[in-house]
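Me: Could you take a close look at one part for me, the aromatic rings and their surroundings? I'd like one connected account.

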Amino acid sequence: MKTYVGLAAGSGISPVLSNIKESLYQEPNSNAYLFYSNRSMNHVMKKAEIDKLVEQFNGRLKVVYLVSREQHEDPIFEGRISPEKLELLFERYTDIDVKEATYFICGPSEMIKGIADYLKKDKKVPAIQVLFEYFTAPDEENTEEMSDEFKAIANIESMVTVIIDDDEYSFHLNSKKESILDKALKDNLPVPFACKGGVCCTCKAEVLEGEVFMEKNYALTEEEVARGYVLTCQCHPTTNVVMLNYDV
């Protein structure tokens, strides 16, 4: 039985809740915990939807709300989600094997980095089970989150063409800039997407021409990658001409 743990702050709830919900739907024997921090209970986003999901999944989803600017009779509910706080929450609210769970994290960069390091380094959770999405891109001068492979790709300008519902759209993109999906969204193209963290497969496309570099992949099988499928939220062009087909 798989266990999923969502760790969110503020509007970071959107991708985290989407991933938890999809996991619970797709895996009837799984369960999930959601630890969600806001300024106060009056600022909790999607609370009605969360409460409905708790009822719908009948004990498979447990939720703990924390507040950063509001006092509570129990201090464990005060403050942001930090490694120290998470340790206490695990002890009180779960009986899971921390190393076996899969984690969805979204919030401020400092929170993500602190929790991800705590899980991977202190708790020895495999990196493939620690999935996160930033509100915004990390500071450019901080390249710790970039893989050596991404740093090593050539800095080139490409003409990228995407096929969506049999229509073709083209745009220029530098290999070191945003992902193909992010550029398409910036150009208001009707591309499909959801998590933008390499987890859900919604933005899957087939490479018809050229080559791309995929930063992360938590959704496609080795066979799919070998057949030319990619997650465009993680892709950067590595040839001067690239064509991708979303109609797959």
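**Aromatic rings**

Reply: Let's start with Tyr25, which is partly exposed at a relative accessible area of 45% (buried is under 20%, exposed over 50%, partly exposed in between; 1.4 Å probe, protein chains only). Phe57, in contrast, is buried, with a relative accessible area of 6%. This is a predicted model, where local features need pLDDT of at least 70 and side-chain atom pairs 80 or more, while totals for chains, interfaces and linings use all residues. Residues are numbered from 1 along each chain as its sequence is written, and side-chain values use heavy atoms, without hydrogens or water.

Searching the whole structure turns up six aromatic pairs (Phe, Tyr or six-membered Trp ring centres within 6.5 Å; planes under 30 degrees apart are stacked, over 60 edge-to-face, the rest tilted). One of them joins Tyr25 and Phe57: the ring centres are 5.3 Å apart and the planes at 65 degrees, so this pair is edge-to-face. Because Tyr25 belongs to helix α1 (residues 13-26) and Phe57 to the loop between α2 (47-56) and β3 (61-67), the pair ties together parts 32 residues apart in sequence (helices, H or I of at least four residues, and strands, E of at least two, are DSSP runs numbered from the N terminus).

Phe90 and Tyr103 also pair edge-to-face, 6.4 Å centre to centre with 65 degrees between the planes. Here Phe90 of helix α3 (residues 83-93) is linked to Tyr103 of strand β4 (residues 102-107), 13 residues apart.

Finally, a charge: the charged end of Lys204 sits over the Tyr229 ring, 5.0 Å from its centre (Lys NZ or Arg CZ within 6 Å of the ring centre and within 35 degrees of the ring normal).
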